Amino acid sequence: MEYYNETWLDLTLDIINTYDPYYKVSERLNTVDQLQELIQKHGMFLDIPPTLEDVSAIRNFRDKIRKQINEASDERLTESLVEFEAKSSFQRTLYPMGKGKFKFVYHQLIGNNDSIADRIIAICAFTLGEQLVNKGRLRLKQCASVPCEEIFVDHSKNGQQRFCSKRCSTRFHVKKHRGS
């Protein structure tokens, strides 16, 4: 059964990248209004008003997952994603198969009274798991152009993409050329 789509990936990356020291205001998920804007941008959960608790839960998820993506083993990242998925009304389990490969085992849907945070976190955890299964761990990267810390999925043929955008690539190479 297919649950995943590009909207989920866009939402996931937008959530994970709501903190970035490159911007004047590093934290871009402080208020209910900011979360509402993000939800509206992706056309999801428009019928449920977000709360400050949702903002806090999503930020906690984001901070933990960013750290796991950058520092954790495959097993620890898997445990974190499974932990967040377990709170969802649609559940599946992610298992590491070794050498950066993963697989899903799906379970029957349960419940439907989740908060917006629970739903968004589940979608993000599910989507990150899909990326791990389909692309592998090495394709989930952090931008190499300091101070940018955006997380992105490398869709290049050879898996050598280092920057989240052309803007960061240009900034990095200009800085390198100037010797700064």
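**View 1. Helix α2 and the lining of the largest pocket in this predicted model.** Helix α2, which covers residues 32-42, gives the most to the lining of the largest pocket, with 4 residues; helices here are DSSP runs of H or I with at least four residues, strands are runs of E with at least two, and both are numbered from the N terminus. The volume of the pocket is about 250 Å³, taken as the space filled by probe spheres set on the grid points. Because the model is predicted, local features need pLDDT of at least 70 and side-chain atom pairs count only at pLDDT 80 or more, while totals for chains, interfaces and linings use all residues. Residues are numbered from 1 along each chain as its sequence is written, and side-chain values use heavy atoms, with hydrogens and water left out.

**View 2. T31 in the loop between α1 and α2.** T31 lies in the loop that runs between α1 (6-16) and α2, and T31 is partly exposed, with a relative accessible area of 34%; buried means under 20%, exposed over 50%, and partly exposed in between, for a 1.4 Å probe and protein chains only. The C-alpha atoms of T31 and S56 are separated by 9.1 Å, although these residues are 25 apart along the chain.

**View 3. S145 and the residues it touches.** S145 sits in the loop between β3 (140-142) and β4 (151-153) and is buried, with a relative accessible area of 1%. Leaving aside residues up to four places away in sequence, S145 touches F163, C168, R171 and F172, a contact being heavy atoms within 4.5 Å. The side chain of S145 reaches the backbone oxygen of C168 at 3.1 Å.

**View 4. Cysteines and the disulfide count.** A disulfide is a covalent bond between the sulfur atoms of two cysteines. Here the rule asks for a pair of cysteine sulfur atoms within 2.5 Å, and the count comes to 0 disulfides. C148 is in no disulfide, and the nearest cysteine sulfur, that of C168, is 3.7 Å away. C148 is buried, with a relative accessible area of 2%.

Definitions and conventions
On a 1 Å grid over the protein atoms alone, a cavity is a set of points where a 1.4 Å probe fits but cannot get out, and a pocket is an open set with protein on both sides within 12 Å along at least five of seven lines; lining residues have an atom within 4 Å of a point. A polar contact is a pair of N or O atoms within 3.5 Å; within protein, one must be able to donate a hydrogen and the other to accept it, and residues adjacent in sequence count only if both atoms are side-chain atoms.
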